[in-house]
Structures are given as C-alpha cells and as structure tokens.
Amino acid sequence: ATGTTSTPPAATQETAAPGYLAVADQALPAGGTLNLQVHIDSGAATGYDPQLADVATTWQLLSLSYETLVTIGPDFSVQPMLAEKWDTPDPKTYVFHLRKGVTFSNGREMTADDVVGSLKRLLASKSVWRGQLGPVESVTKDGDGKVKVTLKEAYTPFLAALANVPAAVLPMKEIDDKSVDPATTLLGTGPYVVENHRQDVSWTFKRNDKYWSKDKPAADALNITIAPEEAARIASLQNGSAALATLGNVDSATMLAGAKNVQVVTQATTDFYYLMLNTLAPGSKLADPKVRQAINIALDPQQIADVALGGKGKPTAVTPAGLPGACDPAALPSAKQSLDEAKKLLAEAGAQNLTFTLSIFATEPAPAVAQVIQQNLQQAGITVKIEQMDEASWSGKVYGKAPAEFDAALSWFAGYADPGMVTKWWNPETAGFNVGFMKPDKDLNALIDAAGKEPAGAARDQALAAVCAKADADAQMIPLVTRPATVAFRGDALSPSLYATEGYGNVLRLVADARVKKTQ
Amino acid sequence: MILELDDVTVTFTAGPPLRRIHLNAMRNVSLSVAEGETLGLVGESGSGKTTTSRVALGLQRPTSGAVRFDGRPFPKRRRELAGRMQAVLQHPHWSLNPRMRVGQSVAEPLAVLGRPAGDAVTGMLEQVGLEAALAGRYPHELSGGQRQRVSIARALVTKPRFIVFDEAVSALDVSVQVQILNLIKDLQAEYGFSALFISHDLGAVRYVADRIAVMRAGEIVETADTATFYTDPAHEYSKQLLEAL
Amino acid sequence: MRLLMWWSGRALSSAATLLGVSVLIFAAVRLMPGGFAETVLGPFATPEQKAELATRYGLDQPVFLQYGHWLAAVTGGDFGVSMISRQPVGTELLARLPVTAELTVLAVAASVLAGVPLGVLTAVRTRPARNKGGAGGGTVGRLLSGLGVSVPEFVLGSLVVFVFSRYALGLEVGSWVPIGQDPVANLAAMILPAAVLSIFSISVTARTTRDAVMGVLVEPYVTAAVGRGESPWFIVRHHILRNAATPVVTLLGTITAYLLGGTLIVEHVFNLPGVGSYIVQAVGRRDYAVVQAGVLLAAGVFIVMNVLIDLLVGVLDPRLGVLAGRRS
Amino acid sequence: MSLLTVRNLVIDYPQTRALDGADLDLRQGETLGLVGESGSGKSTLGSAVGRLLPGTAVRSDGEVTVAGEPVFDLPPGRLRHLRKKHLGFVFQDPIASLDPTMRVGAQLRLVLGRGADVGFHLGRVKLDDARVTRAYPHQLSGGMAQRVAIAMAMATAPELLVADEPTAALDSQVREEVLNVVFSLAADAGTSILWLSHDLPAVARRCDRVAVMYGGRVVESGPARQVLGDPAHPYTAALARSAPAAAARGTRLEPVPGRPPVLTGAAPGCAFAPRCPFAVERCEHERPAPVRIREQDVLCHRAGELEAHMTAGRRPEVTA
Amino acid sequence: MDRLSVAGLVCLLVLVVFALGSLVGAGGDPDAIVGPRLQPPGPGWWLGTDNLGRSVLPRVMEGVGTTLLLSSIAVLLTAALSATFGIIAGYRGGYLNELVMRLVEVLYSFPAIVLAILVAAVLGPGQLAALASIVLVTIPLMTRLVRAAAVAVSQRDYVTSAVISGARLPRVLGRHVLPNVAGTIAVQGTYALSVGIAVEGGLSFLGFGVQPPQASLGVLIQQGGTYMIAAPWLILGPGVVLVLAILSINVVGDGLRDRLEPRETRSLT
Ligand SMILES: Nc1ncnc2c1ncn2[C@@H]1O[C@H](COP(=O)(O)OP(=O)(O)OP(=O)(O)O)[C@@H](O)[C@H]1O
Ligand SMILES: Nc1ncnc2c1ncn2[C@@H]1O[C@H](COP(=O)(O)OP(=O)(O)OP(=O)(O)O)[C@@H](O)[C@H]1O
Ligand SMILES: [Mg+2]
Ligand SMILES: [Mg+2]
C-alpha cells in the first residue's frame, strides 16, 4: 500500500476513562452558556416528530429534548434512562420499571400511559424505526409505573432499538387531546428546552429546570449554530466564538494542530460506507455475482481507511466494526483473496474491460473514498468513472426510480448500537429503499432473521459471521469502512464528555454533562 | 419622367405610446425628375430633404401619395430595381464599409446583380479620377474627397438611370467640393443619368442643378429653373436663402 | 402627469420582465432533476409518503396550474411554505433579508465612497500615454484596478477566513450576531464579508468612473470651462461629477445585482444567515418554494433598482429620462 | 501694441504635425479671420492661444504670448488668471459647449457670479431671458445656444475672443445674426477677435485682417481686402477661386488640384508645392521664409514674381 | 498594443501551453496517487500532494485546461448567439427587437451566480451546467452591446447604399453589419471570457459546477480551501493561476478596447 501520514492521537484520547474520549470535569461549577456549531440542521419534512426522524443529525438535536426508556453506555451496553430497570422473564417479554419524578418540560409528570401510547404510536406509524423494534406483539401498562412489551418471537436488538430517539417517550396526553403537535413543538423529558429555532441558522436551548436528574444539565443554555462551510466552523473554533464543533474533514486534527486551546478528537462510529452495485439495470454486467465478487476482492478497505479517511476509519463487514459481537472483516472471503482471483473471475464472466460509473454525492469525504475505490479497481483492470452530484440529484438517481438507473453508488449507513440491526437493510423487502437496485437473496434473508433471534453470546456471533460471509459473497451492497466523526473543542471554554465510539451518530449525547469554563 | 412624387406625405410617429408625437416630415410634396435632368433640392436642416430622398429611393414608404419610377409604382421587392437607381450619401466617413477594400465596395452593386466585375471596377475608378491601384486600399487610407469619388464610382458602376446625391459634398472642404461637383457634371454629361441633388448649400446646387426645388418644414415652397430662381426668386423664403449666400 | 405616465409605463414593462423572470424560475425549478421527495423525506420514504407530500404541496397538479396558483399567491404576498422547515418562506426571507441587505448596502456604500473618488482622481490625474493611442494611466494603477476585478470572492473569501481565523487581527470571522441584538458586534462581524464582497465592485466602480470622467473631460463644455479659467476642482464639482454620474449610477444597478449574487458566495463562506445562503441550501435540497421566492426576490430587487436608477438618471441628465422631450 | 503673438509654433499630435512653425500677430482691438482648409491647423492654433490643447498634443517648439504673458510657460494659477481676465472662447458646436445637465440660467450664474444680472447678459445677445434661463441646453436651438455661449465668453469683457467656427453648425440664416451679435459686442467692449473660419466671403466682409493657413503654417496674412482681393500666395488665390458660391453662372470652377497635406514632421519645403502650379525645384526642398509683399506677409519663394497671375478669378498661365 | 497587454497575452499563452501539456500527459496522471498525503512541494510532486496523495501539478494543469476550455467554448457560443440575435434585432428593429430585448432583460435580471446555480440545478451539476451557465450569464450584456453597435452600423451610409443597390438581407448583415460589430464582439468576448472563468470557479466552488475527480480551477480551489491551514499549496497553485488567468484576459481586453476605440484625453489645467 502507499504511505500515509498518520496523526498522533490527541492527548485526551489517552487519558480519558475507558470508552470515553473525554470526561467532563465534575469539579467545575455548573452554569454558563455553551456555543456549539454543527454542519447541518435537522432537515425533515416531517418536522420535529422524533418518531419520524430518520437521520442521525436530527436524532442528535432532538435528543436534547427527548429521552428514551433505555440508553446506550460507552461500551454499547444498554443502560437505564427513563426506565430505572427492566425484567426479562422470558426472551419475548420485557417489563420496564419507570423512573419516578420524571416530568415533561411543561411540568406534567410522565406516566406509563405516555410510554405505552408512544410505543403504540410508533408501531402504528410509517416510521422507518418501526422495523428496527422487531416483532412487537403488544405494549401494555403493567400497573402504575410499569410497562410490558411482548414480542412474537425473540429479538435480540430490541433494547438497543429502544435506545434511539425515534423510540422516545412523547407527551401522549397532549398529543391525543391535540394541544401539542409533535411535528412543530418539542415537548419531552430531556435536559434542554427549545427556546428558538431558525431552520438552517441556529437553535437555542435553555436548561430544563424540572429535569429529573438533579445535577444535570450543567450548562444553562446551548446555542447551536448551523455552519455548513467547514472553514467557517474552524474559524469560529479558533477565535473562540464556538466552544465545540463537529468537523467533516478527516485532517482537521492536523490543520488545527497549531491552534491554541483547540483539541481535536476523532470519535469512532458504527456508521460505515458501503458500495451499492445495481444488479437490476437491464443488461448490466454487475448482475453477474462473479463480477461483483471480483469488485469486492479488488477493493482495499484498508487503503480507503488510510488514504481517504486519513487513517481514522476501519474496514468493516456488514456488522459494524467496533460493536461487540461484530464479525472480523479480515476473515471475510473477499479479504483473503488476491487480485489475480479477481481478474480470473472477471475473465470467467467475460468482463475483462469492465467500465462502470460510480455515482457519489459531494459531501466529504465521500469523493475521496470514491477516488480510492477508483484506484483500487484500476488494479483489477476495472475502469470506474466517478460521477459526483449534489445530494438531491444523487438521491433522485439512486432512489428515485425502480429499476434504478445508476451503475454503482456510494453511501453510508448509520451502524446503530447492535450488530444485528443494520444487517436488516441487506433484505430489500424489509428495507424498501433498495428494491430498485438489489435482488433479494433468500438464504441471506434467512440468515439475517436467524441472527436476530439468537440471544447474545457465542452462538449469535456465529450467526452474524454467517450473515457477514453471505453478504460478502452476494456483494450487492459492499460494506467498506467505518465513518469517523471529528469533533473539536476549546479546552479553555469547555470540558465535555464524549464516548469513544458512537452508535447513533450523536456527538451531543453527553452534552448535559459538559461543563462551561468561565474564561470568556 | 424618370421619377414622379405625387402629393406625397410622410408622417413619423415618435415617443412612447399615449404621448406620441406626429411629425410631418413631408407634406403634400409633388416633384418630378425628367430623363437626364438634375433637380436640386435645397432647404434648411430638418426641412425634409433626406426624407424626400429616401422616398425617392423607395427606402421610405409614403404615408399617403404616390411614387412612380420610370412611370410605374415601386415594385414590392426592391431587388427588381437593383442597379437601376443608386445613391451617394453624405458622410464621406461612413459612405464606405471600413472592412471592405475599395475595389470590393465598388464591385458590390455588380455582385448583387450577379454580374462579374471584370475590368469594370478599375475602369470606373479611373473614370472618377482615381488610380486603379487604389482598389486594394481600405477606406481609412483615403481622403474624404477620394472616398466620395469611390462612392460615386460605386453608384455609377451599374450604369443606373437615376442617382440621388444627398449632401454628397457638404462634408468636404471647399477646394475638394469643386472637384467633386465638376466630376458629377462631367459624368452626367457622359452617362446621361438623371439626378436628385440635395444640399443645404445654394452655391453648390446652383452649380450642378438644372432645376431647383426649395423645401421648408416638409413642404416644397418653390420650384423653378436654376436661371430663373437665381435672378428672380418667387417665394419670400427663397429670397432669404439667396441673401445669405 | 408626465411623471405618472412614465411611472406607469415603466411599471408595466418591469412587470412584464418580472413575469418573464417568474416563468423562467418556475420552469427551471420544475425541471430540476433529483426528487424533492427523496431529498425531503430521505431514502427510506415509502411511495405513499412521497405521494402524500406531493399532494400536500400541490406537486401532482399540471404544471401550468401550479404556476397559476403560485403566481396568484405571490402577487398576494404569499410565497408558500418551505418543504424543509414548514415555515412560511416569506417570513424566513424577511428574517434573512437584513443580513443580505446590510452586506449589499455596505458594499455599495464602499463602492461609492471609495470607487468614485478613486475613479475621479485617476481620471483627472491621468497623463496621456504618448504615441500609444491608449487611454493611458500608470501601469501599476491599471494592474491594481485590474487585480481588483480579477480576484473572485470565493478566492478572496477563503483567504480572508483563513488569515483572520488564524491570526488575531482585531476582526473576527464567524461571530455574527443579529443587528438587533448588538449593532456594534454585528457591524464588526460584517466588515470582513462586506470588504470581500466590495473589492470587485469598488474596482469596477473606479474603472467605470474613470472611463466616464475621461469621457466627460474631452467634452467641449469642459474645454469651455477650462477656457474660462475655472480651477480643476471647480470644474470637477460643477460640471464633471454630474455629467459622469449617468454611467456610474447605471452601473450601480448592475453592481447591485452582482452584489446580490456575490452575497451568495460570501454568506456561504462566512456562514451568514442571509438570503444567499438560503438559496444555495434550498437549491441543494430542492426546496422549490424557497428557490422560487429567493430568486424572484433577487430579480425583483434588481428590476425595482433599475427603475429607480432610470428615474435618477433622468433627474441627473435632463436629456434622458422622464422630463426629456419638453422643448421650448 | 501686439495683444497676441505666435512665434514659430510647432504642435505635434501622436501621428500628425498640426502646426509646423506658425506665426501670427494680433493687435489690440483688431478682428482677424483665420482661414484655411480643413486640417490646416486652425483649431490647433486657436486652442494653443489658451493652452487648451488635447492631452496628446505636444508643443515641440515656438511660443505664444498673450498680453505679454508667455502662455506655455505660465504656472497653472497665472494661466487660469490669464484665461479668466484676458481670454474668451466660443466653439463650433454651441449645444455641446454648454453643460447638458444644468439649466442655462444656473450656468450663467456659475460664470457670472451669484448676484449677476443674467437678464442683462442675455439681453446683450438678444435673447429673451425668461424662457432661456429655465431651459436646458438641448432645449435650445443652435443659434440660441451659441448666443448663450457668446454671452458667457463676453461676460468678463475679455481682451481677446477666440471664435472657432462659431457658425459652422448653424443654418445659413441664423449665421448672420450670430455674427452680428459677436462683432457688435466685441466692438462695444473693445475686444479683439480671432475668428477661425472656412467662409472666405464672410471673413472678407467682417474682418480687418486675414491670415491664411496651409499645412500648419500661416502662409499669408494682411488686411482682409488686400489678402482676398489681391492674394500674394498661390494657395490663397486658388482657395479664393474655388468656392462654388463665387462661380458666375455657366462657368466652370477651377478647383485646387490634389489634396491637402498631412504632415508627420517638419515639411522639407513649401507644403503647398505639390499642388502649386508655380512650384519650382527649390519649393520642394527649402522652407520659405516670410516676405512682405505690399501689405501682406507671405510664405512663398516666388511671391514677388507671380503678381500678375494672382488676381482672383483669372486663370493663371503656367509659366514655370 | 501597449506593454501591459502584451504581458497579459504572453501570460495567457503560457497558461494555454500549460493546459495543453496536460493533454499530452506532461506532469503525470492527475488521478494517480503518487505519494504521501499533503506533502509540501518537492521532487516528484512539484506543487505538493493533495489529501489523497495525488500530485497537485497535473491536477492544476488539467484544471486550467478544463476551465479555459469550458469558458472559451461558452464564450464562443455566447458570441455566436449574441451576434445573431443582436445583429438581427439591431438591424430589423420592431417586434423582433422588442422580443429579443425582453428576453435579454429577463436574463439580465438574475444575479449572475443565482442564474448559474439555477441552470446547474436544472442540468445537474457538471461541465454542461457550467457551460450553459457561462453562456446565459454572459449573453445579456453581449447581446445588448452588439445590438447597440448594430443599430449604429445599420444607420451608416454604406449599409443604406448596399440596400439601394438591391443587396439581400444575408448579404447586408454578413458583409456589412457583422464585420463592423466584430470589434465590439471581440472586446466583449474577452471580458466575457474572464467572467466565464469566474462563473465556472464560483459555481464549482459551491459544488454546482464541474465535479471531481475532474479538475477545474474552481474545484481545486474549493478542495484546497479546506486544507488552507495544513496545506496552503493546495489552494495557492490554482488560486494564483485563476487570478492570473482573469487578470491577463482583462488586461488584454483593455488593450484591445483601447486599440479599437482609442480615446482622447484632456487635462483640466
Ligand atoms: N425615422 C424618423 N423618425 C422620426 N422622425 C424623423 C425620422 N427621420 C426624420 N425625421 C424627422 O423628420 C424631419 C425631416 O428630416 P430630414 O432628415 O428629412 O431633414 P433634412 O432636411 O434632411 O435635414 P438635414 O439637413 O439636417 O439632413 C426632421 O424633423 C426629422 O427629425
Ligand atoms: N486630437 C487630435 N489628435 C490627433 N490629431 C489631431 C487632433 N486634432 C487635430 N489633429 C490633426 O491636426 C491637424 C490640424 O487639425 P485642426 O483641427 O487644427 O485643423 P482645422 O484647421 O481646425 O480643421 P477643421 O477646419 O476641420 O476644423 C489635422 O491633420 C488633424 O488631423
Ligand atoms: Mg438630411
Ligand atoms: Mg477646426
């Protein structure tokens, strides 16, 4: 492989507690205002309704006001949140003991009815997340302060799925009597209350004084500025007008190395890039599994991680690398084969001079990933033309028609918090969005379902490994590398808490712990 | 009669809608030019001389009245008259296309008719007193007088029966004016074309014209033989003009 | 009366232009590839959701009907609802307008205050270049003014963002606050973007002014004034400024349009919440109502601007404009 | 006393020599007509009197003195003072020489001073002030505009008025009226006039003296009647003969053959030589020096010899 | 031409040679990863390497080529269209003139970059969009000026003479009007070229123009902008070249204008 310059990890990455990039200094006094910058606003036509939110950037913002029954710990264990604890009398039954003294930000106390109503509403909705909750049979109130969920069959990722924003507890009384429209109003139990939101400009949150955890949130107010241009965010960090910002560039650490008081950390995520190969386009060579195999073999995820992601990403299989129980990408069949085998497969398929177009959107580092892919495949004699588009055109091209009109496309999935969750998207009948370019594979689907039922443990790991291998051979959607998130903050303005690895793409997950230093 | 204008009125409308200004550039003008004759047309600036020449050339359709060339009304398509009438216009500076060589300019009326130029161009240049070598030059390499000579050569190359001279010498120096006026006289003697000679300079008109028409504010106030006009102008305005000379 | 007539005539022709503009915008927006549904709803949306969205925004109707509805609504002051934020576009535009307007006004002011004197000075000071036939002017001056019009905002903007965020030079990038909240801080934050925006327009104004003044300098009435023994300053003040103003004022219309476009890039680079960045984002997301309204606003401002400029030119130069044609 | 003296003035434009050693004298109270073909350098000489030349013009030699002041060597302040107090200019295009953006009244007040009696000055040039004051220049006729320009030029009662073809752009009837105004105002104020013109008969009628220019030099000057009635220079004679207006009916005019020169440097000899029927060899190589013939100053090598042929209207016999 | 314009012309020629170099592969493969990422200029990568370890030099060469080629083609198109419409409108007058001028007015009412973005959004980002944008942005001014020139030329005596001689429309327009407005077209063309380069740059900078991996100056500047701090050479190369290109074209345009429309000067003292 070609050489890469790797950047030394930031100091915080070594000293923080296990599982953390940074831990807020609890000795610092609470209070103060926190100025944050993110690159994109929540942008759904469905408004603020958390159940309909389907992208991480929206989850991140809504998570400031909404909370779920359970949450995810730094090691991807499921932790209590609005449920103080839960029992699992059998693999199909979950009984949640609700926390006492939790109120919505309008002052009304949260009840079991809210929880039951929220889950029922979610199950009845068109939300994408409905599918992730698994085969829920019923949700019932189990006396005061307890909620019982019954599944039709065992489903291991259930708790992890409950830990994400779409499963948040909504103020069902208000929603039912129509005094609150969750699409336009944020009314949750979370640490912050929205004071003002200007689409694509800014959010201002103020502290929820009735928050159930007495010592939280630490900061009195949050100002979140939406700054799409990376240079503007970097500038704000440097002059201190932002205390923390999300960065898109994998080289941000290098670039901010000289900036005083600015610390750059790379948060690993379970999100990963994958390559879509359209097997439904009439006459496409890509319909031939051998060709796809060859492509899969020729791809060099390690080089993609090193060059395109500046060494910050990791090769991954269908189960996101970094999650407990995920399979080893190095053990995948395609990883063990050589370029010669790829060439042989291409020859067998009669596709020696294969040329196809790779459609990508412009957001960094996707173009960089695509260019490394181009270089990789060139080694196997495959010519890739890169077609870069704005996101809207890209969406139109990739998802707009069935059968879809592209040859290949690059995108990324949120990896979530359980290795079984994202594998569901490999079944186009469940996923829906990929029916336009992907043929369902019965065997693979069966393997995915089986892995979902298997309780955590060695057997499940086995089942997942089988899914990984099968998906690797199918190669209609080829997982590539995990997608790092870069966060920079002013050490003189802020002491934040950050997980080392994030499952739901939520950089702001622990913002309620962050302490503002009184320097400005 | 080669050209007859019969009770011609030309009205221009100018300005934006709702406050259009109607201006009679020609008012009931009747004129005629006989075969081989030169009619001089004088009048102050804005009196309608150029408009009259444009009507005579068929470039301007009269608002009312009739125009006959060679006894017939103007044909619908100008092309049918191609080569039969020509003009020499005022600005020596703009009379020739600056991007065309002199020879090309002179040959153009022939080219339009689809006739080969042959020696006609050099012959014509010599006729107007220019060396044949000038054919290869561009207009900016010529003096004003030379340029007007080229214009005359171009006008004559198709041997037209009728030529309009609209202020053809006005922009030239006095000394050169006489050269051109003499040239016009000589050529007319040779080719026998009829001419409408327009000028605000009574002296020049007297020198070349057989008859004189005086225009004022769009109307012909007097028409007379040159001799009679100078000795005994009938109209008050004509007298004023003569006095200023 | 004449004025009224002029106004109505001008208003009519402006309205026609604006109508043309609106047709063009509408057609363009409808012709954009890439589905608004995919963009707005994301890849996971079901066909029913997409259909519902289309119905909600009337996108399933025939195009000319959509245009009719839109036009009717717009003339009634209703610019529709953003598909992304579901807020009325008019309100959002109004909220963002101050930023863009401030930028534009600052840049126009800079162009007038710096460009005009610079242009007058260089024109009056120009020594003719001998035997060259050119307009003269020092090579360095020409190069500098040429440089001003040759450095695009996105280059200069990137540079300024870099330099000013790296080195504390007194002015800060990225600390914008609404003008209502803290006018001083707002102005401080606007200086850099406005400066970046105005480099081009200052240079163009200076060049145009110089050309215009040099054109006036050779007019006979200036020679006549010199012949009467008037001082240069007197001549500049009484004769040149006003006579050279026409092309400069006309230019300001074009400049305004240009600056409106320039704010797009500057707002993007400096992350200012103005109309420009709104349009860029909206185009990126196929937020039809916003694109339509934003572009229409920009074009409308330009058209209105031009009517005003025509009027002003008519006042400055009595040979042109409204009052012309009244002959005694 | 000489009010204006031009000595051996040489003015160059980038590609042209406009003046090639011009000499001129104008006495207090005198009216001098400067005539010549287009391009002979009249305007250049007229502008040089007030140092009003275009930026590309260079004075290569010679000098101009007005009221004893060397025009080309004055510092800006003194030059302005000279223009203000001693000089007045009227140009060819009357409407263009007024500021188009200012009402006539305002322009007059700007020149005359705030409290000045605009009505009086307009009355002097026979204009009805009420209407004219409120008008913009483009709303005036050429004749009216020229009278306004004259009023402005004569407002300070200058010692010398330079009028560069003030009537060339006007209709023939208006010309006389405008000239009347100029000459009577000048006579009243004791102003000398330098009148540049094409129009030989008009100059003959109105001027005391005439100077004829050719190829950037004054080739003949002297009393008007003398110069035009009894020219000493072959060029003057040819010019006088060639005006169409001068032709008796039925006669054929005799033009000056050839065309005027365009100089790029000093003419080696007499600039008229190529067109001159009397030219001899030395005319081409030797620059003629002024000689005095009768009351005229003439630049011609053969000035004395040709007297017999010089009477206007008579066809010269070529003797040389 | 004066010395400055000659310098501009030379500079432009150098850029063209530079761009042509990329066609024959001088400077190397612009897409190949040749070394470590973000290296400052050095042997093997004379302008440094970018964030993927590609040599910047061949990318800048390709970028100049793309930008110049796109803008030139666009300006030629503009010139052809403006000449056709401007001349016909100017010569014919009447309704045709009204129609053309209205259309031009409508196009002129859009701020350049807004129009460009709109076009790019319709055609989909890419070279075609950049091309069409430049054409639409530059066409209004050029058409206006050509029309004005054509109106003036149409009134010249030599045009009238040709009409009197019986010349038909194509001859009148082709032989008489067009050659005499060609100067205006040439001068405006050079200015349009510099506008074109700026529009391509701005559009690509915003992500609506030329799309990577195809290099254009705008694309390179956009990409380099993010790395300004760590690797200033990424933006310096293309930035300087872009400014140089626009500057020299403007200077040449000025020279051309001074030559075709020489102006008098006069001082006030
Ligand atoms: N196309 C036109 N539209 C409107 N008015 C016109 C047009 N052509 C001429 N006129 C007007 O008609 C009148 C007569 O004009 P014309 O050009 O015939 O006068 P002229 O005697 O040739 O004047 P000049 O001596 O100045 O050439 C003038 O008042 C002029 O303004
Ligand atoms: N601004 C200028 N630049 C270059 N050459 C000039 C300029 N002005 C005049 N000339 C040239 O200088 C010579 C003298 O010109 P000038 O204007 O003094 O002549 P003139 O006698 O006034 O002619 P006219 O009777 O046409 O007004 C001519 O050859 C002319 O072409
Ligand atoms: Mg006329
Ligand atoms: Mg003159």
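Two strands are taken to pair if DSSP finds at least two bridges between them, strands (E, at least two residues) and helices (H or I, at least four) being DSSP runs numbered from the N terminus. This is a predicted model in which local features need pLDDT of at least 70 and side-chain atom pairs count only at pLDDT 80 or more, while totals for chains, interfaces and linings use all residues. Residues are numbered from 1 along each chain as its sequence is written, chains are lettered from A and ligands numbered from 1 in the order in which they are written, and side-chain values use heavy atoms, without hydrogens and water.

In chain A, strand β8 (residues 146–151) pairs with β7(A) in the antiparallel sense over 5 bridges, and T150(A) of β8(A) is the bridge partner of S138(A). Helix α3 (residues 112–124) of chain A packs on the sheet and touches β6 (93–98), β7 and β8 of chain A, contact meaning heavy atoms within 4.5 Å.

Around ligand 2 there are 14 residues, S38(D), G39(D), K42(D), S43(D) and T44(D) being the closest, where a residue is near if one of its heavy atoms lies within 4 Å. Helix α1 (residues 42–49) of chain D gives the largest share of this shell, 3 residues. Polar contacts (for the ligand, pairs of N or O atoms within 3.5 Å) are tabulated here.

| Protein atom | Ligand 2 atom | Distance |
|---|---|---|
| S38(D), side-chain N or O | oxygen | 2.5 Å |
| S40(D), backbone N or O | oxygen | 3.3 Å |
| T44(D), polar side-chain atom | oxygen | 2.4 Å |

Taken alone, ligand 2 exposes 630 Å², of which the protein buries 70%, accessible areas coming from the Shrake-Rupley method with a 1.4 Å probe.

Notes
Polar contact = N/O pair within 3.5 Å; in protein donor to acceptor, adjacent residues only side chain to side chain. Axes fitted to C-alpha atoms, helices over the stretch in contact; angles between N-to-C directions.
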